[in-house]
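Please examine the sequence and the three-dimensional structure shown here before reading on.

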Amino acid sequence: MNKVFLIIQREYISRVRKKAFLVTVFLVPALVLAMYAVMYLIYKNTSDLNTARTVKVIDETGSFIQKFKDKKDIKFQNIKQPLAAARKDLKQHPDDLILYIPANYGAKDTVQVLSTKKPSMRVNIEIERQMNDIATNNNMIAKGIDTATLRNIQSDISINAKEVTDKGDKDSDITTLYYVGVAGAILIYLSLIIYGGQVMRGVAEEKSNRIIEVIVSSVKPFQLMLGKIIGVALVSLTQFILWIILSIAVSFIANKYFNAPQSPMLGFLSTMKTIPLGQIVGYFLFYFLSGFLLYSALFAAVGSAVDSETETQQFMFPITLPLLFTYLISVTFLAQNPDSSLAFWLSVIPFTAPVAMMVRMPFDPPGWQLAISMSMMVIGFIFTTWIAARIYRVGILMYGKKASFGELVKWFFYKE
Amino acid sequence: MLSIRNIVKQYAGHTALSGVSLEIADGQIFGLLGPNGAGKTSLIRIINQITAPDSGEIYFAGEKLNQSHIERIGYMPEERGLYKKMEIGEQIVYLARLKGLSHAEATRRIKYWFEKLQIENWWNKKVEELSKGMQQKAQFIATVLHEPDLIILDEPFSGFDPVNADLIKNEILELNSKGATILFSTHRMESVEELCDSIALINKSKKILDGRIRDIRNSYRSNTYLIEYTGQKIDFTGQQPFTLLDEIATENSYTIRIKLNEGITSNDVLQYLIPQVHINLLQEVIPSVNEIFIQKVNQIS
């Protein structure tokens, strides 16, 4: 056991010391920071929306003029000047706009908004909306419809989704749940591929360096494989924890210096208060670790079978196929039908469960399904580790033999 | 030191070892010889407990071979190498700790060896920055650092340049004189002939010969001598006390190979020749291990 610890230590330290590790640790918080900066800049550029604009209305119909309502950033002002004079006047007041409503306003493109600056979308939309309301109102009165009665019978329905649970009704924001699930699936898929690949490359490297036989004369091949897998798992956990800590730190700093009223991260976090986030992070760690143990054992077996990294491709694809499949349908099907029977089966098969379960997690899957899924994961990784170890112990000492699936099966049945 | 009893090892499709038995005494330099594919590496891997035999037993210093013996064996495989990106000092410390040394003890001993092989400034160098010869020195240090009782070297001189091979050879002899038992394996039989006390010849998964190298060669003596002389060419008419095997004339001397007649010694031959010619050389022709091997293989088949 002491030797496994030594191996873990070497695998961990040699990876954490690499420049690539440090770069990725700081890259993610740097991206978060950049995201804040971009948000801040966009916010700053669009802030001129908030300076009040005065809209000078030249109304040739007379039916709109008194009915415009001032908003916080848009003031309406009635002017009697003809259009040409108002146009000249506009040069002195760059923040003003002219709204010209001709007598035949109903025809297409006859109502005009003139300004020296490009008019913003919001102002346009606001004017359009108000004019439509006023015109509709006027028409109804003209046709003898009582607008007051109409307003009373008009309904304004908006759905407020509530989930009935034992703890009482709670708001459930389907959109946020969907994003959390998909994000979890993407994260777990990428982590499994990236860190599993590290295990595979590590094994292939030991084999092609020819150090493997020196090592297995001191430790059992299984100990070496186990040490490497655990070492890489610890590296990945270190990375996740550093990302979380640094991203939170960056969020606070960004919030302080950029002083954006709605920091996207904090805003997102507040909408996620409805979801048991700590629970999801806990399950993420379980499914990442068990999925990693399951896949990295297979990756280690592949690494042991080949003489160079280029040969790994033919094995990588079939092994990662279940993950890829689940990942692809998770975004479309699973996240929309988290309680379907396909979702259930995918979450009890250990090869697909990590991704499938992460998608379903925000939707609170039933406890018994979680229990089955989690125990299947444990059984699954013990099983694949056992298979992989049998291939590994033969593969690492086999040079110059072109590995194929048939060959791997043969190795599996070798006596010790 | 090592008693190997009836080891059988089969792989799918072929037999690597069929009933091989060997006795290696304490303090010996033992040569395990045979052509490529004879089963040498399979046997060595079994001794190192990298693989297990299908049947048969191995005793190490009187005890049945077990995990605790790993720390008393130093093994330099034929396929050897180091982690390329790791610093050399750190790397040897790691390998030594896997063999059970403490960090401090390993560091102390590496410093001793680095001084001895004059490579003190290498500690922080990465393996990929070192020349091949330097890597070989490091590899050798890693093999013997934990002061093993049994040092196993598989094809030790393949890949070593002549200077390093000689250096390593002397280090091996020094370790042997301090009490370590050495087990060599090689297919280049002439390379270890002068080093070994005892040898075993393995061919096609079977041991065909073993014993002390002197005894083996003595038993293959055939009363054959090589004589070089100058002077008048002798016409051998059949009166001489030996049979002429062949004769080569060079510019100013003649070399003959002879087989002594029954009951005749080399002294009798000299007495016969000295009155006639000037003798430059008389040497008994003892077959080399290589020749014995070929002879033995031919005999069996």
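Predicted model: local features only at pLDDT ≥ 70, side-chain atom pairs only at ≥ 80, totals over all residues.

Which residues bring H11(A) and H12(A) together? From H11(A) come Phe325(A), Thr326(A), Ile329(A), Phe333(A) and Leu334(A), and these meet Leu342(A), Ala343(A) and Leu346(A) in H12(A).

The next subject is the interface of chain B and chain A. Chain B contributes 28 residues to the contact, and chain A contributes 24 residues. Between them the two chains bury about 2,700 Å², of which 55% lies on carbon and sulfur atoms. On the side of chain B, the residues that lose the most area to chain A are Glu79(B), Tyr83(B) and Leu98(B); together they account for 25% of what that side buries.

Charged side chains also deserve attention. Side chains of opposite charge can pair when their charged atoms come close. How many salt bridges are found across the interface of chain B and chain A? The rule finds three. Arg17(A) and Glu90(B) form a salt bridge through their side chains, with a distance of 3.0 Å from N to O. Over all chains, the count of salt bridges comes to 24.

Another salt bridge joins the side chains of Lys85(B) and Glu128(B), at 3.5 Å from N to O. This pair links distant parts of the chain, for its two residues are 43 residues apart. Lys85(B) belongs to the loop between strand E6 (73–76) and helix H2 (88–98) of chain B, whereas Glu128(B) belongs to the loop between helix H3 (103–116) and helix H4 (132–144).

The loop between H3 and H4 of chain B also holds Gln118(B). The phi angle of Gln118(B) is near 55°, a positive value in a residue other than glycine. A positive phi is found in Gln49(B) as well, where the value is near 60° and the residue is again not glycine. Gln49(B) lies in the loop between helix H1 (40–47) and strand E4 (55–60) of chain B.

Notes: Residues numbered from 1 in each chain as written. Chains lettered and ligands numbered in written order. Heavy atoms only, no water. Contact = heavy atoms within 4.5 Å. Helix = DSSP H or I, 4+ residues; strand = E, 2+ residues; numbered from the N terminus. Buried area = accessible area lost by both parts, 1.4 Å probe. Salt bridge = Lys/Arg side-chain N within 4 Å of Asp/Glu carboxyl O.
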